[in-house]
Amino acid sequence: MPVLNATSRHEVTFRLNGAEQTVRVENRMLLSDVLRHEIGLTGTHVGCEHGVCGACTVQIDGAPARACLVLAAQAQGMEIRTVEALTAETGRLSVLQQAFREHHGLQCGFCTSGILMTLDALLAAEPDASEAVIRDALSGHLCRCTGYEPIVRAALAARDTLRKGGN
Amino acid sequence: MKPARFSFVRPQSRQEILDVLTEHGSDASVIAGGQTLVPMLNMRLAKPKVLIDAARLPDLARIEERDGELRIGCAVRQAQLEQLPNLVTKQPLLARAIPFIGHIQTRARGTVCGSIAHADPSAELPLCLIALQGKVHLRTRRKARTVRAADFFLGMMSTVREPDELIEAVSYPTAAPGTGFAFQEIGRRHGDFAIVAIAAIASREGVSLTVGGIDDIARRFDLGAGQDDGLEDALNDIAWSLNARDDLHASAAYRREITRRLGRQVIHQAKAEAARCQS
């Protein structure tokens with residue numbers, strides 16, 4: 001059985017935003033730090049590092065999850081998606097991102113990437129998600145700027161646009 | 001807020017998990033979802049020398065329904081149980097309590113058995129196991145044993161699990177016909193640890209009330225027929241028996257008052273549901 005010792009760096013391979021990625025890291029490194037410091041994808045933000053604030057939320061195997069609560073050693077074989085994957089091409093916003101812009105769904109932006117990853121997964125799984133379902137999903141995120149109402153409005157607007165067949 | 005060093009083992013079978021546990025005992029921790037263990041590692045409240053990854057074995061990620069029980073393997077995630085078809089008829093108490101566990105983002109990875117192993121006094125899954133009088137299945141390299149929920153939890157984050165034992169599964173009884181279930185919880189915010197969490201089960205045999213978030217473990221009380229006559233006194237006795245303490249989140253008096261009020265509510269809800277089932 002594979003035993004990865006405590007002091008060395010070990011190869012961990014996973015899929016990241018559709019491409020295979022291999023890093024050499026210590027077991028104890030958090031996925032949030034792997035993404036930011038080893039790979040350089042700084043769209044994923046780090047807030048509380050104990051799973052409460054939601055800033056580091058990414059998608060793991062299709063479901064939103066906290067990157068700060070996943071150890072590098074656990075990431076072997078995972079399918080990971082970060083906020084960088086939301087735009088189809090540079091300089092263009094996704095429907096969800098555009099809705100956040102139009103409805104002032106962010107101010108400082110620290111919590112935004114995590115919220116986008118939760119809502120992106122939710123609207124993919126439940127295109128008709130009700131406002132109550134959206135609010136429940138958002139309860140896993142702390143935002144200290146907006147008071148949440150503009151975020152809910154942005155999410156509802158994105159849902160309606162996507163239902164009409166937006167990009 | 002970064003974990004101390006540990007070696008990481010990827011067992012290929014249940015037997016290999018048990019071998020590593022035998023070898024390392026209390027120096028080792030089993031990790032599956034990590035939604036409680038990783039914060040403890042990050043804060044260095046836990047510093048295991050060896051982590052054993054139990055999340056990858058399909059044999060351990062099964063929910064089996066047999067003999068009036070849902071047997072939930074140690075790699076089953078909370079979201080997997082939440083999404084089990086017809087959970088609301090198989091075991092309504094679980095269906096109603098699970099949405100209170102953290103958030104969808106933590107339920108996607110956190111496991112049912114991990115919550116049982118951690119034994120937080122305000123956690124919903126240990127409360128449901130105590131309320132439903134479920135069982136915990138433990139195994140070492142040499143022997144297996146099954147412990148009743150009432151005997152498993154010793155106190156705050158403390159259980160009878162020996163260092164070389166794996167919680168290989170837990171069993172929640174499925175709902176017997178004509179039984180009503182209710183669950184309510186008060187917290188500072190949705191998804192926070194419960195200030196008071198409370199479950200009631202009503203059947204022809206009688207009414208039980210289980211209260212979490214106050215004492216060191218969730219506590220279950222039999223209330224006989226749960227008649228309105230005398231219920232106030234019974235709930236008041238329960239509220240005062242729970243060793244409620246003041247803390248940052250709520251005073252002891254507030255916790256007692258919530259126990260009395262929510263207790264009455266869930267008992268009425270459970271009895272109403274039972275009456276509907278029986279009519």
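Which residue in β6(A) is the bridge partner of Leu16(A)? In β6(A), that partner is Ile80(A).

## Basis of the model

The structure is a predicted model, in which local features need pLDDT of at least 70, side-chain atom pairs count only at pLDDT 80 or more, and totals for chains, interfaces and linings use all residues. Residues are numbered from 1 along each chain as its sequence is written, chains are lettered from A and ligands numbered from 1 in the order in which they are written, and side-chain values use heavy atoms, with hydrogens and water left out.

## The sheet of chain A

Chain A has an open sheet of five strands in the order β3-β2-β6-β4-β5, and the pairing is mixed. Helices (H or I, at least four residues) and strands (E, at least two) are DSSP runs, numbered from the N terminus. Two strands pair if DSSP finds at least two bridges between them. The edges of the sheet are β3 (19–25) and β5 (63–66) of chain A; each has a single partner strand, so one side of each is left without a neighbour in the sheet. From one strand to the next, the twist averages 45°; angles run from 0 to 180 degrees between N-to-C directions, and axes are lines fitted to C-alpha atoms, for helices over the stretch in contact.

Within this sheet, β2 (residues 10–16) and β6 (residues 79–81) of chain A pair in the parallel sense over two bridges. Helix α1 (residues 31–39) of chain A lies across β2, β3, β4 (57–60) and β6 of chain A, and runs at about 95° to β3(A). Contact here means heavy atoms within 4.5 Å. Helix α3 (residues 112–125) of chain A also packs on the sheet, where it touches β4, β5 and β6 of chain A, and its direction makes about 35° with that of β4(A).

## The sheet of chain B

Chain B has an open sheet of five strands with antiparallel pairing, in the order β4-β5-β10-β6-β7. Its edges are β4 (63–66) and β7 (144–148) of chain B, each with a single partner strand, so one side of each is left without a neighbour in the sheet. The twist in this sheet averages 20° from one strand to the next.

Strand β6 (residues 135–139) of chain B runs antiparallel to β7(B), and five bridges join them. Arg139(B) stands opposite Ala144(B) in β7(B). Helix α8 (residues 124–131) of chain B packs on the sheet and touches β6 and β10 of chain B, with its direction at about 55° to that of β10(B).

## Where the chains meet

The contact between the chains takes 37 residues from chain A and 35 residues from chain B. About 3,000 Å² is buried between chain A and chain B, and carbon and sulfur atoms give 58% of this area. Buried area is the accessible area (1.4 Å probe) that two parts lose on being put together, summed over both. Two bridges join β1(A) to strand β1 (residues 7–9) of chain B, and the two strands run antiparallel. Here Leu4(A) has Phe8(B) as its bridge partner in β1(B).

## Salt bridges

Side chains of opposite charge can pair when their charged atoms come close. A salt bridge is a side-chain nitrogen of Lys or Arg within 4 Å of a carboxyl oxygen of Asp or Glu. Three salt bridges are found across the interface of chain A and chain B. In one salt bridge, the side chains of Glu26(A) and Arg5(B) meet (3.0 Å, N to O).

Over all chains, the structure holds 35 salt bridges. The side chains of Arg163(A) and Asp128(A) meet in a salt bridge (3.0 Å, N to O). This pair links distant parts of the chain, 35 residues apart: Arg163(A) is in helix α5 (residues 149–163) of chain A, and Asp128(A) is in the loop between α3 and α4 of chain A.
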